[in-house]
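Work through the exercises below with the model at hand. Each task is followed by a solution in steps.

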Amino acid sequence: MRITISLALLIGLVFRVHSQTDFQLDYGFVKHLESISSYDEASLFLESIKDNHTSAGQQDTISFYQGKFNYLNKNRFESISFFKNVGKSNLNYWNAAKFYSALQFGYLDNHEAGITELSLVENLSPEEQELLKLEEAGFSLLTRNYTQFYQISTSFDNEFFQFTEHQEELSRIARDLSTHKSKSPFLAGLFSAIVPGSGKYYIGQFGRGTMALMSNAIFALQAYEGYRKDGSKSPTFIVFGSIFSVFYVANIWGSVVAVRVQEKSFYDTQDEMVVLHMHIPLRLLYK
């Protein structure tokens, strides 16, 4: 398959050199490569023809598709740099480039830059206006501005079926985020200091909490038995007392870290879902 694609690209390049094909034919070949998901080959072809098509509209088209193919290949920074070269000779490309750039900044956690890109779109169609609301709502969630999200979401128009499901999912995520009760690392550590393992119970890790409780209890009992029989100089007391100390401290610190990891995992998962529901409507509109 790769050989076939590369051969097609080679034929396209040779045909371009010998026949001096016009821009529409080159554009058609690029669209063909896009239809078979040959994004690398399409980018290479665009790079090879960019000096042959010098009008503003042609240059904007080439820059847009170079940005789009890098976007599809998850080359975030390269994609943004190409989209920045898209001018206003064709407002469809201009607006699409701004929407794509904004989403790339969303992936990169540069939310301020993404919001700025959205502010540059203009003369939007009704579908693009609805997409703009959806993307702005997504950034509101990424920045934890729930008040702004609810203000935007009240203006969602259910007329556009391709957006409705994703708007509903963003609303669900907003509820999950705004009602989420964060756990305290301090409390988790404190509980574990009082009763080993209880910090894990606090965050719902019952299996790990039970293991921590049992292991600490076993070493503590062994140390106590050695101390009871032979005093503080007992080898049994020294060995098991040392092991218990290590496990006790590790149990406290482990509970603190577990809370931080769990909280980060929760918010990272929600953010991934937000960006996903920003991505799909964009791809549906700008196929």
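**Exercise 1: Asp-109**

Asp-109 is exposed, because its relative accessible area is 57%, where exposed means over 50%, buried under 20% and partly exposed in between (1.4 Å probe, protein chains only). The model is predicted: local features need pLDDT of at least 70, side-chain atom pairs count only at pLDDT 80 or more, and totals for chains, interfaces and linings use all residues. Residues are numbered from 1 along each chain as its sequence is written, and side-chain values use heavy atoms, with hydrogens and water left out.

Task: state where Asp-109 lies and describe its phi.

Solution. Step one: Asp-109 sits in the loop between H6 and H7; helices (H or I, at least four residues) and strands (E, at least two) are DSSP runs, numbered from the N terminus. Step two: its phi is positive, about 65°, although Asp-109 is not a glycine. Step three: most residues other than glycine have a negative phi.

**Exercise 2: Lys-74**

Task: find the loop that holds Lys-74 and decide whether this residue is buried or exposed.

Solution. Step one: Lys-74 is in the loop between helix H4 (56-72) and helix H5 (76-83). Step two: the relative accessible area of Lys-74 is 61%, so it is exposed. Step three: Lys-74 also has a positive phi, near 65°, and is a residue other than glycine.

**Exercise 3: the largest pocket**

Task: give the volume of the largest pocket and name the element with the largest share of its lining.

Solution. Step one: the largest pocket holds about 250 Å³ of space. On a 1 Å grid over the protein atoms alone, a pocket is an open set of points with protein on both sides within 12 Å along at least five of seven lines, and lining residues have an atom within 4 Å of a point. Grid points are joined across faces, edges and corners, and a volume is the space filled by probe spheres set on the points. Step two: the lining includes Asp-109, His-111 and Asp-268. Step three: helix H6 (91-107) and H14 are the elements that give two or more residues to this lining. Step four: H14 has the largest share, five residues.

**Exercise 4: helix H7**

Task: list the buried residues of helix H7 (residues 111-118) and say how they are placed around its axis.

Solution. Step one: the buried residues of H7 are His-111, Ala-113, Gly-114, Glu-117 and Leu-118. Step two: they are on the same side of H7, because they cover an arc of only 160° around the axis; the arc is that of the directions from the helix axis to the C-beta atoms. Step three: an α-helix has 3.6 residues a turn, so residues three or four places apart point the same way. Step four: the buried residues of H7 pack against H6 and helix H8 (126-142).

Key:
On a 1 Å grid over the protein atoms alone, a cavity is a set of points where a 1.4 Å probe fits but cannot get out, and a pocket is an open set with protein on both sides within 12 Å along at least five of seven lines; lining residues have an atom within 4 Å of a point. Contact means heavy atoms within 4.5 Å.
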